[in-house]
Amino acid sequence: MRGRILSLFLVVLMVSALGVGCAKKGAGPGDGTDASWEEQERQRLEKERQLREMLGQANTELSQMVYFAFDSSSLTPEARQVLTRKVEVLRKYPQVKLVIEGHCDERGTAEYNLALGERRAQASAQYLVNLGVEAGRISTVSYGKERPLDPGHGESAWAKNRRDEFRGTL
């Protein structure tokens with residue numbers, strides 16, 4: 001009798017353990033909710049495509065460079081016009097952030113040109129902020145003389161290299 005009760009108890013224990021051990025499956029591929037999952041993935045991919053397309057359009061509109069005089073970080077009237085147009089683009093694309101890259105010509109030390117490139121990028125950034133662009137949407141970086149646009153060694157090459165470049169990011 002005692003053995004029978006023990007056997008019955010073990011059977012009940014094993015059956016209850018099997019019932020507790022089975023977890024419910026989550027929604028995903030292959031569980032009958034494929035259409036829902038596939039639709040979500042399709043929507044996510046479409047949104048990603050639209051964001052990439054929008055960023056490409058914004059970068060096209062933001063790509064015009066700003067140029068500087070020798071050994072200067074002062075904005076010229078032409079530079080101010082270019083930056084004013086960039087404000088309009090940034091208002092059109094509120095989710096785009098802006099990276100401003102300051103560059104210099106080959107004259108001067110690497111350290112001096114890194115500092116001058118930073119002052120140039122900051123001058124453009126401050127002008128944009130003064131026109132209403134949120135400071136948190138703008139970041140600056142200086143490349144000094146390390147990334148020349150024109151590798152030449154004359155005034156026309158140097159003039160092209162004294163610039164700020166603009167790149168939109170998300």
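**View 1. Strand 1 meets strand 4.** In this predicted model, strand 1 (residues 66-67) and strand 4 (residues 163-169) pair in the antiparallel sense over two bridges. Pairing here is a DSSP call that asks for at least two bridges between two strands. The elements themselves are DSSP runs numbered from the N terminus: helices are H or I runs of at least four residues, and strands are E runs of at least two.

**View 2. Strand 2 meets strand 4.** Strand 4 also runs antiparallel to strand 2 (residues 97-103), and six bridges join them. Glu101 is a handy place to look, with Glu165 as its bridge partner in strand 4.

View 3. Side chains of opposite charge can pair when their charged atoms come close. Here the side chains of Arg52 and Glu48 meet in a salt bridge, 2.8 Å from N to O. The term covers a side-chain nitrogen of Lys or Arg within 4 Å of a carboxyl oxygen of Asp or Glu, and by this rule the count comes to 14 salt bridges. Arg52 and Glu48 are four residues apart in helix 2 (residues 34-62), so about one helical turn separates them. Arg52 counts as exposed at 51% relative accessibility, while Glu48 is partly exposed at 35%. (Buried means under 20% relative accessible area, exposed over 50%, and partly exposed in between, using a 1.4 Å probe and protein chains only.)

View 4. Arg107 forms a salt bridge with Asp105, the closest N and O atoms being 2.8 Å apart. Asp105 is buried, with a relative accessible area of 3%, whereas Arg107 is partly exposed at 26%. Arg107 also forms a salt bridge with Glu155, and there the closest N and O atoms are 3.9 Å apart. Arg107 lies in the loop between strand 2 and helix 4 (110-130) and Glu155 in helix 5 (residues 155-161), so this pair ties together parts that are 48 residues apart in sequence. Glu155 is partly exposed, with a relative accessible area of 44%.

**Notes for all views.** Residues are numbered from 1 along each chain as its sequence is written, and side-chain values use heavy atoms, leaving out hydrogens and water. Because this is a predicted model, local features need pLDDT of at least 70 and side-chain atom pairs count only at pLDDT 80 or more, while totals for chains, interfaces and linings use all residues.
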